[in-house]
Amino acid sequence: MALLEIRNLHVNVEGTEILKGVDLTIDTGKVHAIMGPNGGGKSTLAKALVGDEAYEITEGEVLYNGKDLLEMDPEVRAREGVFLGFQYPVEIPGVSNTYFLKAAVNAMRKHRGEGEIDAMAFLELVRERAKRVKLDETLLQRPVNEGFSGGEKKRNEIFHMSVLEPNLGILDETDSGLDIDALRIVSEGVNAMRDGERSFMVITHYQRLLQHIVPDVVHVLVDGRIVKTGGKELALELEEKGYEGFDEAAA
Amino acid sequence: MEAVAQSKSVYLESFEQLGEQGPNWLRALHERGIHAFEARGFPGSREEAWRKTNLRPVTQTHFPVADSQGVAPKALVERLGDLGDSYHLVFVDGRLASDISDLSDLAKGLTVTPFSQYEDHPPERLTAALGRRVDIDWHPFAALNTAFFVDGAYIHVARGAMIEKPITITHIITAEADQRAVYPRLVVEAEDGAEVRVVERFIGDDQASTLVCPVSELSAGQNTILDYSRLQEDGATVMNIGTVNLAAQRDASLRGAFVADGGRLGRVDLIADLEGEGGEIDCNGIYLTEERQFIDFHTWFNHRSENCFSRQRFKGILQDRSETVFDGLVKVFEGAQKTDAVQENRNLVLGKRALAHSNPRLEIFADDVKCTHGSTVGELDEEALFYLRTRGISAEGAKGMLTLAFAGEIVDMFRVTGVRDHVRRVLMRRLGVDDADIGEIL
């Protein structure tokens with residue numbers, strides 16, 4: 001069954017059309033990789049899906065679980081289970097990572113009609129998930145992302161995702177800034193969440209992340225359009241040949 | 001200038017008609033006050049230090065001194081417990097309210113006395129201290145206070161006494177004092193080696209359009225720790241224009257926590273003098289304005305001695321059409337080498353029509369010093385707001401979270417636990433943030 005259906009999505013950023021008609025369907029429990037050259041529209045797709053107002057939808061529709069995703073406020077999308085792991089996570093001085101997450105967990109529970117999470121249960125959950133992505137426990141008490149290294153920020157995003165347990169995890173270039181060990185740890189964190197129910201959209205420029213998070217489907221996004229869709233072997237092909245041929249195809 | 005001339009004569013006339021107010025021994029000081037005010041008058045709109053403060057509501061009406069004491073409403077009396085356990089002296093409309101004060105079991109070495117209780121025999125150290133720290137020839141509202149105050153609090157901490165429990169002086173303004181003036185006065189002296197925490201608080205009835213002109217004089221002797229918190233939480237229509245005078249002797253540590261979130265017009269002139277080598281004055285403040293409120297902090301930090309340390313960190317949060325001023329001077333006198341001074345003012349403008357003025361200044365007459373200052377006026381970070389929302393936090397919750405985080409840095413520096421907790425609660429209430437929504441982020 002389709003968890004996410006994107007139909008003919010057109011998106012403008014500051015008056016320039018970046019997405020020029022994207023069609024994409026992600027079924028429940030599947031991992032889709034979105035690959036493509038820089039400037040092709042990968043991050044635009046991610047930001048548009050979570051409701052960044054700077055990304056203006058000019059045409060098309062997005063159905064999530066059969067509901068109109070584009071009608072929802074960003075926080076409602078999150079509460080409905082859509083998560084974005086940012087390419088450049090924002091630093092938030094003065095807001096502790098743990099308390100922020102607790103507020104987020106409670107906002108989602110409230111949305112589902114559940115009561116607030118018990119403090120002890122929350123602490124246990126947070127510790128267990130931090131261990132899963134080998135996030136240093138001192139980072140839990142620090143302000144969100146403040147003073148974190150690039151790799152720590154990416155790990156923190158995956159940590160947030162594993163605590164919030166979304167139905168759809170969108171990972172925007174999560175691999176950048178990660179060394180081989182961190183890449184393996186982050187990937188293991190994501191793989192641990194693959195349970196046949198949860199879906200992922202993994203956005204990357206390179207193939208190396210996809211060695212660890214093996215996708216079911218690979219799409220190539222060039223110049224605002226999906227120009228090719230294939231199996232996991234497509235990623236290898238791209239690694240070898242690059243995107244040059246696709247640039248021409250898209251032109 | 002006509003209004004000024006008229007105002008002067010009205011205050012002098014009022015002074016002469018009133019005759020003696022308060023204990024007899026204050027008479028000479030009162031006269032000095034009215035003469036200073038007569039000579040000085042209200043500041044003109046071109047005077048640099050007063051340029052941004054609209055004094056018309058104050059100067060165009062005569063506010064005679066409140067000559068009776070109203071009854072503090074129950075809701076205001078209940079607020080006396082807000083700050084937790086402390087010795088408590090309460091003044092209502094400028095006069096002692098002994099029935100709601102609690103000075104039982106004062107610690108050894110601590111004296112907390114209303115001036116009115118001294119009758120004819122005030123201690124010499126009080127008469128010497130009263131007015132010593134404040135320049136009434138320079139400050140017209142301090143001069144008015146000196147002319148008209150009828151009572152006040154004297155806090156004395158004996159040499160070496162360490163006082164654990166804070167002392168709270170609360171000034172309550174009732175509806176009875178509407179269209180009148182109230183002149184609160186506080187003198188704190190911590191002798192060498194003492195340690196004490198003093199909280200001064202202003203609360204009142206929202207119906208009282210009262211002119212409140214407080215003067216506080218605090219002196220920290222050698223090697224003392226003196227912690228002073230000032231909470232300006234006046235009723236909605238009060239105009240509160242006051243001076244705070246801090247002086248630190250050798251190796252003294254004087255810490256100030258300032259909060260202003262009440263009243264229609266609020267101004268504090270904070271004059272801090274570092275008089276002995278190794279002294280430090282560390283003042284942190286938060287002001288929170290809404291609707292058409294105006295709040296103004298003017299500071300003068302005078303480094304008069306070597307090796308002194310000062311910190312000023314003030315943050316403003318402005319809503320609606322409110323306006324604020326931070327104007328701060330660090331002055332390093334000749335010979336005050338090895339001065340280490342930092343002055344910071346940051347403003348978060350949440351209202352589209354709110355206006356924050358920020359003017360940090362340095363005057364340095366020594367050559368071996370470390371002085372920095374910084375000032376910002378900005379809005380909430382849109383990217384951060386969006387990031388929080390993508391994690392499920394509502395737009396309002398995200399705004400509240402970021403605003404509280406902005407203020408929290410200052411609130412965390414407040415050393416008196418009761419004050420810190422109270423200010424957190426006030427912030428959450430004023431920002432309309434639901435506790436459950438944001439968790440314990442402060």
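Reader: How many residue pairs are in polar contact between chain B and chain A?

Author: Between chain B and chain A there are eight residue pairs in polar contact, both residues being at pLDDT 80 or more; the term stands for a pair of N or O atoms within 3.5 Å, where within protein one must be able to donate a hydrogen and the other to accept it, and residues adjacent in sequence count only if both atoms are side-chain atoms. On the side of chain B that touches chain A, the elements giving two or more residues are α7 (382-389), α8 (395-411) and α10 (435-438) of chain B, and α7(B) gives the most, with six residues. Helices here are DSSP runs of H or I with at least four residues, strands are E runs of at least two, and both are numbered from the N terminus.

This is a predicted model, in which local features need pLDDT of at least 70 and side-chain atom pairs count only at pLDDT 80 or more, while totals for chains, interfaces and linings use all residues, and side-chain values use heavy atoms, with hydrogens and water left out. Residues are numbered from 1 along each chain as its sequence is written, and chains are lettered from A and ligands numbered from 1 in the order in which they are written.

Reader: What makes up the contact, and how much area is buried between chain B and chain A?

Author: Contact (heavy atoms within 4.5 Å) takes 21 residues from chain B and 33 residues from chain A. The buried area, which is the accessible area (1.4 Å probe) that two parts lose on being put together, summed over both, is about 2100 Å², with carbon and sulfur atoms giving 63%. F386(B), Y387(B) and R391(B) supply 35% of the area that chain B buries against chain A, more than any other three residues.

Reader: Why is α7(B) called largely enclosed?

Author: Six of its eight residues are buried, so α7(B) is largely enclosed by the rest of the structure; buried means under 20% relative accessible area, exposed over 50% and partly exposed in between (1.4 Å probe, protein chains only). Those buried residues pack against α1 (42-50), α2 (74-79), α3 (97-111) and α6 (150-164) of chain A, together with α8 of chain B.

Reader: How do you know that the side chains of R391(B) and E157(A) meet in a salt bridge?

Author: Their N to O distance is 2.6 Å, and the rule asks for a side-chain nitrogen of Lys or Arg within 4 Å of a carboxyl oxygen of Asp or Glu, so the pair qualifies. The count between chain B and chain A is two salt bridges.

Reader: What makes E91(A) and K153(A) a salt bridge, and which parts does the pair tie together?

Author: The side chains of E91(A) and K153(A) meet at 3.1 Å, N to O. E91(A) lies in the loop between β6 (82-85) and α3 of chain A and K153(A) in helix α6 of chain A, so the pair ties together parts that are 62 residues apart in sequence. With a relative accessible area of 35%, E91(A) is partly exposed, whereas K153(A), at 16%, is buried.

Reader: What separates R184(A) and D181(A) in helix α7 of chain A?

Author: The closest N and O atoms of this salt bridge are 3.6 Å apart, and the two residues, three apart in helix α7 (residues 180-191) of chain A, are separated by about one helical turn. R184(A) has a relative accessible area of 37% and is partly exposed, and D181(A) at 45% counts as partly exposed.
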